[in-house]
Amino acid sequence: MNPIQANNASTEKKDTVMNKILGTVSGSFAPILGVLAGSGLISALLSILITVGWLSHESGAYAILAATGHAIFYFFPVFLGITLATKLGANGYVGGAIGAALLEPHYTDLVASKAQNVDFFGIPVILANYSSTVFPILIAVSIYSLLNKFLKKVIYKDLQMFINPLISLIVIVPLTVLIFGPFGTYVGEALAVFIQFLSARSGILTGAVMGAAWSFLTILGLHWAVIPIFLANLAKSGLDPLSPMVAAAPFAQIGMGLGVFFKTRDKDLKTLAGSGLIPGALAGTTEIITYGILVRYKRTMVIVAIAGAIGGAINGAFGVKGTGFALPSFLSIPVFTPVSLYLIGTGTALVLALVLTFVLGYESKSDAVAAKTVKEFGFVNVQRETISSPLSGEIVPLSKISDPLFSTETVGKGIAIEPSKGEVVSPVDGVVTTLFPTEHAIGITSEDGAEILIIVGVDTINLKGQYFTSHVKQWDTVKRGDLLIEFDIENIKAAGYDVKTPVVITNTNQYLDVVPAKVGSVQATDELIRLIV
């Protein structure tokens, strides 16, 4: 391989790794984007009702509606634990239980009471509030998915259903409290010290750094370490110079979201952007834009960082102050002073992000490849469709598969096939969104939004690619009936492996029902599964 080819291969590998990381994060947030949007709109509605005087913070109606709108954000580690674990091929309910353990009263009571000298079998515990956080659960569930894969190899199959969750929970939850969570705390504290250092020297520099970084600190949940500085400033003098600087970031996100809304021709992306603009503008809740667009399209990260930096620098240079703590939105503008100068800084961030999105576009070439199917990230309304059989052979219920992830439909509903021919063909027109390095498993996303996982055999990952030959690569566009994988049935059986092949709809929760279309024998490209919406 010549140097140019080597460099290209290295770049392609890096792009693939980055796409996988962003795709995993994006895909983990995708199933909960709808409830995030709905909850954000409730918060926006409450802000309006409070502003016009129709509700007060002390009323029972406000308390109930606030709980309704805030629940998804408070219990974010639970929901993200479920979706991320599922995305990584682990048990989603174990992932949710890991997140729930961080919010369970036995632990939160320790945090609320500011208990001292708490230890775990002699190991000191650093207490922290993990509600609404992202970073600790991302690390915890990622480690859990690796542990789960190991346990599936070493634990007897009939015991895995309860032994694997038992070991996973008893290992990962303490590790999260002892290591993963405190790591974020330490990083946050170091960040707070750095910001205080900058703030004492240059308002412009501090504003630029804060405005550029705030969106990404929010994604990692590290912004919670900086917010106490805002509150301390307000308690000391009634004025805070930092909150106007970071306010440029959400306004930059709103501008970028507005640019995507007007620029895109994809009706599903337009709907996504539009649904994120309202709660962002009225309540400062930008999660839909952050996790629906910013994480998904790398170019928007650059746009938001540039616009946020310039807007933050302007607010820092003008010496704009916050007179109270509020999420930056159009309704919270009166909280900042002087209002006119605040509007110049945040308005610049919004308009600049809007213009840059129009001029530069919101997706790079690598984004465009990944966006051949936005369905891979779950950002479309799925359609009723019929999935063809990817194999020829005998239909077998998923309950007959020895792997409990499939037999209990944890991964999703579907069907299994005992193959009579060692060929896997595409069951739909779509895109190859996942191709395992061992070539024994492949994920296809159809043009109508179905996410189909095909795994040839049980535990055949242990063959490390032996007896499997792939005829496609990740992000290839395929047509129904195209050859995807060839495999040697006889040699796989001779090696001691079951070749029953699950065909599973991994986004089952987006359908009313997943119904087998046939029983008995089946030929490749015959109707196999009907998806009802």
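Two strands are said to pair if DSSP finds at least two bridges between them, and strands (E, at least two residues) and helices (H or I, at least four) are DSSP runs numbered from the N terminus. This is a predicted model, in which local features need pLDDT of at least 70, side-chain atom pairs count only at pLDDT 80 or more, and totals for chains, interfaces and linings use all residues. Residues are numbered from 1 along each chain as its sequence is written, and side-chain values use heavy atoms, with hydrogens and water left out.

**View 1. Strand β9 (residues 430-435) runs antiparallel to β10.** Five bridges join the two strands, and Val432 has Ile444 of β10 as its bridge partner. In the hairpin that they form, five residues lie between the strands, and Glu439 takes a positive phi near 60 degrees.

**View 2. Strand β11 (residues 451-455) pairs with β10 in the antiparallel sense.** The pairing extends over five bridges, with Leu453 of β11 as the bridge partner of Gly443. This hairpin has four residues between its strands, and Gly449 in the turn has a positive phi of about 100 degrees.

**View 3. Strand β10 (residues 441-446) is largely enclosed by the rest of the structure, because six of its six residues are buried.** Buried means under 20% relative accessible area, exposed over 50%, and partly exposed in between (1.4 Å probe, protein chains only). In a regular strand the side chains alternate between the two faces of the sheet. Ala441, Gly443 and Thr445 point one way from β10, whereas Ile442, Ile444 and Ser446 point the other way.

**View 4. Phe358 is found in helix α15.** This residue is partly exposed, with a relative accessible area of 38%.
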